[in-house]
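Work through these exercises with the structure open beside you. Try each task before reading its solution.

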Amino acid sequence: MKIIVVGSVNVDITAYSARFARDGETIFGDDIKFGPGGKGSNQATAAARAGGDVCMVAKIGKDVLSGVVNGHYDREGMSKKYISVSDTVSTGSAIIEVSAENGQNKIVVIPGANNELSKEDVTAAENEFESCDIFLTQLETTFEPIYEGIRLAKKYGKTVILNPAPYKEIPEDIMKEIDYFTPNETEAEFYSGVKIETDEDTEKAAKELIKRGIKNVIITLGKRGVYYSNGKESFFVGTKLLKAVDTTGAGDAFNGGLAVALGEKMDIETALKFANCAGSISVTRYGAATSGAYRYEIEEMMKDFYGIDLTK
């Protein structure tokens, strides 16, 4: 089962402290870590650990940060065939603050080589699209490679998952090509125009997104789980609450897990439970890509929390 991911690759520079500094304040931190990140790469790693054969299409620079990226892909056994190298700009990076009070984070992203990922870079992987099961992408690169990925996926009749993060306007003709749209609450508010404060608001926001031509809407709700609607059926799926130490990669872990579950033809409710498990496990670990859950861990949680045995 093959998943193609077109998206960003960053190196995360993460500072951990007891709490966030206030404006103008200097505080002492507890630790600093350099690790692989970028929404695209995080989701690709999560999908690979969850059992997918992943093809990542991305761009990095010729700098010291690229060594962090290459080392990560080598350790994970993931292909770098379509990770091209820029001669002009640095590898993308992110400056992340993590508070020990609640595991929440603040992030500043420097796109670097991600902004040079081109339509041609994606077209070079067309043969992979012909043989893939799922196309997964986000909005942390320019639109050109994202659109080309969607075009190729549709050319070969493949399922498209778009995680609209960080959120920005999406043309209506692109919206109609999306099979699964996976915003969090803030992103859902942006695209639907509905302020989400209650379950009823969540349902209303999903209806507005369905009106825009999206086939399946999945709104992630953090500790409350996830809400699903395809315009005909809709439901909430709760998740197991685990002690969070770092929420940085939770949404990416969810999307990577979802891609694997849909690629394996799980029914939608089971797929959402699988993705919930991937996301829940990730918050118990530090880092973004490196917090992704392994297949056996997801299977154990599926059995323990949802009573679903995927090994049979």
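## Exercise 1: The second largest pocket

The second largest pocket of this predicted model holds about 200 Å³ of space.

**Task.** Which residues are closest to the centre of the second largest pocket, and which elements each supply at least two residues of its lining?

**Solution.** 
- Step 1. Start at the centre. Of the 15 lining residues, Val-98, Ser-99, Ala-100, Val-245 and Tyr-286 are the closest to it.
- Step 2. Move on to the elements. S2, strand S3 (31-37) and S6 each give the lining at least two residues.
- Step 3. Sort the lining by class. It divides into six nonpolar, four polar and five charged residues.

## Exercise 2: The largest pocket

**Task.** Describe the lining of the largest pocket, and find which element gives the largest share.

**Solution.** 
- Step 1. Take the volume. The largest pocket contains about 1,300 Å³ of space.
- Step 2. Find the centre. Among 46 lining residues, Asn-184, Thr-247, Thr-248, Ala-250 and Gly-251 are the closest to it.
- Step 3. List the elements with at least two lining residues each. They are S2, helix H1 (39-49), strand S6 (92-99), strand S7 (105-110), helix H7 (185-192), helix H9 (250-263) and H10.
- Step 4. Pick the top contributor. H9 supplies five residues, the largest share of the lining.
- Step 5. Sort by class. The lining has 16 nonpolar, 21 polar and nine charged residues.

## Exercise 3: Aromatic pairs

**Task.** How many aromatic pairs does the structure hold? Classify the Tyr-16 and Tyr-286 pair, then the Tyr-227 and Phe-236 pair.

**Solution.** 
- Step 1. Count. The structure holds 10 aromatic pairs.
- Step 2. Take Tyr-16 and Tyr-286. Their ring centres lie 4.9 Å apart and their planes meet at 85°. Planes over 60 degrees apart count as edge-to-face, so this pair is edge-to-face.
- Step 3. Tyr-16 is in strand S2 (residues 10-17), and Tyr-286 is in the loop between helix H10 (268-282) and helix H11 (295-306). The pair therefore ties together parts that are 270 residues apart in sequence.
- Step 4. Check accessibility. Tyr-16 is buried, at 8% relative accessible area. Tyr-286 is partly exposed, at 44%.
- Step 5. Turn to Tyr-227 and Phe-236. The centres are 4.6 Å apart and the planes at 50°, so the pair is tilted.
- Step 6. Check these two as well. Tyr-227 is buried at 3% relative accessibility, whereas Phe-236 is partly exposed at 31%.
- Step 7. Look for a group. Tyr-167, Phe-181, Phe-190 and Tyr-191 are linked by ring pairs into a cluster.

## Exercise 4: Charges over rings

**Task.** Which ring lies under Lys-106, and which under Lys-168?

**Solution.** 
- Step 1. Follow Lys-106. Its charged end sits over the ring of Phe-20, 4.6 Å from the ring centre.
- Step 2. Follow Lys-168. This residue lies over the face of Phe-143, 5.3 Å from the ring centre.

## Exercise 5: The setting of Ser-280

**Task.** Is Ser-280 buried or exposed, and which residue does its side chain contact through that residue's side chain?

**Solution.** 
- Step 1. Locate Ser-280. This residue is found in helix H10.
- Step 2. Apply the cut-off. Buried means under 20% relative accessible area. Ser-280 has 8%, so it is buried.
- Step 3. Find the side-chain partner. The side chain of Ser-280 makes a polar contact of 2.8 Å with the side chain of Thr-239.
- Step 4. A polar atom of the Ser-280 side chain lies 3.3 Å from the backbone oxygen of Lys-240.

Methods:
Residues numbered from 1 in each chain as written. Predicted model: local features only at pLDDT ≥ 70, side-chain atom pairs only at ≥ 80, totals over all residues. Heavy atoms only, no water. Phe/Tyr/Trp six-rings, centres within 6.5 Å; stacked < 30°, edge-to-face > 60°. Helix = DSSP H or I, 4+ residues; strand = E, 2+ residues; numbered from the N terminus. Buried < 20%, exposed > 50% of the residue type's maximum accessible area, 1.4 Å probe, protein only. Lys NZ or Arg CZ within 6 Å of the ring centre and 35° of its normal. 1 Å grid on protein atoms, 1.4 Å probe; cavity = no way out; pocket = protein on both sides within 12 Å on 5 of 7 lines; lining within 4 Å. Points joined across faces, edges and corners; volume = space filled by probe spheres on them. Nonpolar A, V, L, I, M, F, W, Y, C, P; charged D, E, K, R; others polar. Polar contact = N/O pair within 3.5 Å; in protein donor to acceptor, adjacent residues only side chain to side chain.
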